[in-house]
Amino acid sequence: MPEPTVPDRTDTPAVALGPTALVLGAISATGTWAPALAFVAFPWAIIAGGLAVTLGVAGIHYARHGTGRLWTAIAGTTLGAIGFVGTTTLIWAISA
């Protein structure tokens, strides 16, 4: 008899929110704090940081309901916030 095709509780797109936020947060933080990449990665760091915070907060919400991992969502949110705030502060300091 074939395996049932009923989806499992972990078969949901919400599982990917935390890891996606972690990757985007890492890109954002690296683009902000690596001097060699800072001027090339400014727009990417801002966009990736904002997306990381948004997806990370959603990932935290779903992880608290039992879908996905909490630590990846928290790490992605933190890195995204660091990258976004760092890049925004750097741009503000240069333009002043």
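Predicted model: local features only at pLDDT ≥ 70, side-chain atom pairs only at ≥ 80, totals over all residues.
I started with L17, which comes out buried at a relative accessible area of 15%, because anything under 20% gets that label.

Where does L17 sit? I found L17 in helix α1.

Next, the overall layout. I count three helices and zero strands in the protein chain, so the pattern along the sequence reads α-α-α. As for burial, 31% of the 96 residues of the chain count as buried.

Then I checked how α2 and α3 pack. Helix α3 covers residues 70-95, and its axis lies 7 Å from that of α2, at an angle of about 150°. Is that pair roughly parallel or roughly antiparallel? Angles over 145 degrees count as roughly antiparallel, so that is what I wrote down for α2 and α3. I also noted the handedness: α2 passes α3 in a left-handed crossing.

Last, the surface. I picked out F39, which is in the loop between α1 (17-33) and α2 (42-64). Buried or exposed, at 65% relative accessibility? F39 counts as exposed, because the cut-off for that is over 50%. F39 also belongs to a nonpolar patch on the surface, together with L90 and I94. I logged about 320 Å² of accessible area for the three residues together.

How values were computed:
Residues numbered from 1 in each chain as written. Heavy atoms only, no water. Patch = residues over 30% accessible without salt bridge, like charges linked within 9 Å, V, L, I, M, F, W, Y side chains within 5 Å. Areas by Shrake-Rupley, 256 points an atom, 1.4 Å probe, with all protein chains shown as cover. Salt bridge = Lys/Arg side-chain N within 4 Å of Asp/Glu carboxyl O. Helix = DSSP H or I, 4+ residues; strand = E, 2+ residues; numbered from the N terminus. Buried < 20%, exposed > 50% of the residue type's maximum accessible area, 1.4 Å probe, protein only. Axes fitted to C-alpha atoms, helices over the stretch in contact; angles between N-to-C directions. Parallel < 35°, antiparallel > 145°, perpendicular 65-115°, else oblique. Left-handed = near helix turned anticlockwise from the far one by under 90°.
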